[in-house]
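This report describes one protein chain for a reader who is new to structural work. Please look over the sequence and the structure before reading on.

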Amino acid sequence: MENSIMQITIAAFLIIGLVVFLIVRKKGANVEPDYRLFFILGITWLPLGISTDNTAFLAMGAIFMITGLANRDKWKEQAKWSELSPEKKRTKLIIVIGLTVFLLLGIGAYILSN
């Protein structure tokens, strides 16, 4: 049962990633990476990798953190919520709701597997 839940989760992430990739590609926007976000991911994943003894999280955390620090001069200032356009507000809300649903599904899958 655990393998099927993991396979379904991986498939869902791949489908969502593909959809997001296609949407961004369709818009034709040439978006520069947010190196500040890379740094934040790095400082989040690095301790997670250390505490869980997971080499993948440790390595990715180190890579993200080094990439973010190496490009510190390119960090973008984050716009405040009141400064965002209605479209960007809606997009951020969809992302937050989607991540919350995935978190709850992950917790539920963990509880059911134990």
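## Confidence in the model

The chain has a mean pLDDT of 84, and 94% of its residues reach 70 or more; pLDDT is the predictor's confidence in each residue, from 0 to 100. Confidence is lowest in helix 1 (residues 2-27), with a mean of 77, and highest in helix 3, with a mean of 90. Helices (H or I, at least four residues) and strands (E, at least two) are DSSP runs, numbered from the N terminus. Where pLDDT is low, the predicted coordinates should not be read in detail.

The model is predicted, so local features need pLDDT of at least 70 and side-chain atom pairs count only at pLDDT 80 or more, while totals for chains, interfaces and linings use all residues. Residues are numbered from 1 along each chain as its sequence is written, and side-chain values use heavy atoms, with hydrogens and water left out.

## A loop residue

D53 is placed in the loop between helix 2 (35-52) and helix 3 (55-70). Although D53 is not a glycine, it has a positive phi of about 55°. D53 counts as exposed because its relative accessibility is 70%; buried means under 20% relative accessible area, exposed over 50%, and partly exposed in between (1.4 Å probe, protein chains only).

## The aromatic cluster

The structure holds five aromatic pairs. Rings of Phe, Tyr and Trp (its six-membered ring) pair if their centres lie within 6.5 Å; planes under 30 degrees apart count as stacked, over 60 as edge-to-face and the rest as tilted. One of these pairs is formed by W45 and F57, edge-to-face, with 5.4 Å centre to centre and 85° between the planes. Because W45 lies in helix 2 and F57 in helix 3, this pair ties together parts that are twelve residues apart in sequence. W45 is partly exposed, at 27% relative accessibility, and F57 is also partly exposed, at 30%.

W45 forms an edge-to-face pair with F64 as well, at 5.4 Å centre to centre and 70° between the planes. F64 lies in helix 3 and W45 in helix 2, so the pair ties together parts that are 19 residues apart in sequence. F64 is buried, with a relative accessible area of 16%. Which residues make up the aromatic cluster? Y35, F38, W45, F57 and F64 form it together.

## A charge over a ring

The charged end of R72 sits over the ring of W75, at 4.6 Å from the ring centre. A charge sits over a ring if NZ of Lys or CZ of Arg is within 6 Å of the ring centre and within 35 degrees of the ring normal.

I97 is placed in helix 4 (residues 86-113) and is exposed, with a relative accessible area of 51%. Together with W81, L93, V101 and L105, I97 makes a nonpolar surface patch of about 490 Å². For such a patch, residues need over 30% relative accessible area and no salt bridge, and nonpolar side chains (Val, Leu, Ile, Met, Phe, Trp, Tyr) are joined within 5 Å, like charges within 9 Å. Accessible areas come from the Shrake-Rupley method with a 1.4 Å probe; for residues, only the protein chains shown count as cover. A salt bridge is a side-chain nitrogen of Lys or Arg within 4 Å of a carboxyl oxygen of Asp or Glu.

## Distances along the chain

T67 is found in helix 3. I95 is found in helix 4, and 27 Å separates its C-alpha atom from that of S51, 44 residues away along the chain.
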